[in-house]
Amino acid sequence: MFQIIRNWLDRRIIRQSSITLAQWDAVCAYLPLLTGYSDAERASLRELAILFLHRKIFEGADGLVITQQMKLIIALQACIPILKLGLDGYNGWVSIIVYPAGFSPKRVVMDEFGVQHNVQSNLSGEAWQRGPIVLAWNNTEHAGIIDGNNLVIHEFTHKLDMQTGDANGFPPLHAGMTSSDWFDAFSDGFKNFERRCKRGKSIGINCYAATSPAEFFAVLSEVFFERPELISRYYPDIFHQLRLFYKQDTLARISSSKGQQ
Ligand SMILES: [Zn+2]
């Protein structure tokens, strides 16, 4: 019963949205990542993004004024990983804070001996457990380039990972997937990728992925949506797991869109 009411409310929110199709089309044109999406997928993405905008709050930091176009650019990209999963993976938090450019928060961290240290690091994005997503707009704008890097997808896939606690590269899996298959694919891939990075052998995937299993999952998710051929070529087992997890075959989508050109 609750689900029926919720679906009805969602349909009403989508119907009453004041954002025109022309506005959505203009933002889709700005995101070449969406080139291979079918009309049905684009329509689903737009509906998800409308609900996303209804449930989340955007806040500009350091004087940044958030325009509607900025919201749409972020919302559409944020909804790519959940296109077949629905919005529930983003439950439990509401704020998206956007800085004009990279930011350097000062933090106090405690080391393994219980000693506190003041640290300040340069960041382009952050995802807080049960807290906000923080993005640097100048990096978000780079979504117009298909290079395997996508800040919005990176930070939002951390949120999917955090559904069961701290980000650890092990999001909740769906029925039909097995933890051992996921663990084997990602742990073998992580060790192999670490070795490649230490030797300076680039395969086109950012070596930031080698810093932790959580970053490995987030960076490989970016690549899965932007340059899936890289994961399919070097880490086919991980590609298979990501395809099952996101319920999208990004490689087939790119191949079919190239065939239509
Ligand atoms: Zn990260």
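Hi everyone, let's start with a pair of helices: α7 and α10 cross in a left-handed way. Before I go on, please keep in mind that this is a predicted model.

So who touches whom in that pair? On the α7 side, the contact is made by Asp181, Trp182, Ala185, Phe186 and Gly189, and α10 brings in Asp237, Ile238 and Gln241. Sorted by class, this contact has 4 nonpolar, 2 polar and 2 charged residues.

Now the geometry. Helix α7 covers residues 179–198 and helix α10 covers residues 236–246; they pack at an angle of about 135°, and their axes are 9 Å apart. Because of that angle, α7 counts as oblique to α10.

Let's zoom out to the domains. The domain assignment gives us domain 1, residues 1–146, and domain 2, residues 168–261. Taken over C-alpha atoms, the centres of domain 1 and domain 2 are 22 Å apart. How many residues are in contact between them? On the domain 1 side there are 9, and they meet 11 residues of domain 2. The side of domain 1 that touches domain 2 has 6 nonpolar, 2 polar and 1 charged residues.

Last stop, glutamate 126, which sits in strand β5, residues 125–127. This glutamate 126 is partly exposed, because 16 other C-beta atoms lie within 10 Å. If we leave aside neighbours within four places in sequence, glutamate 126 is in contact with Val134 and Glu155. And leucine 51, 75 residues away along the chain, has its C-alpha atom 22 Å from that of glutamate 126.

Conventions. Residues numbered from 1 in each chain as written. Predicted model: local features only at pLDDT ≥ 70, side-chain atom pairs only at ≥ 80, totals over all residues. Axes fitted to C-alpha atoms, helices over the stretch in contact; angles between N-to-C directions. Helix = DSSP H or I, 4+ residues; strand = E, 2+ residues; numbered from the N terminus. Parallel < 35°, antiparallel > 145°, perpendicular 65-115°, else oblique. Left-handed = near helix turned anticlockwise from the far one by under 90°. Contact = placed C-beta atoms within 7 Å. Nonpolar A, V, L, I, M, F, W, Y, C, P; charged D, E, K, R; others polar. Domains from an automatic or database assignment. Buried ≥ 20, exposed ≤ 12 C-beta atoms within 10 Å, placed from the backbone.
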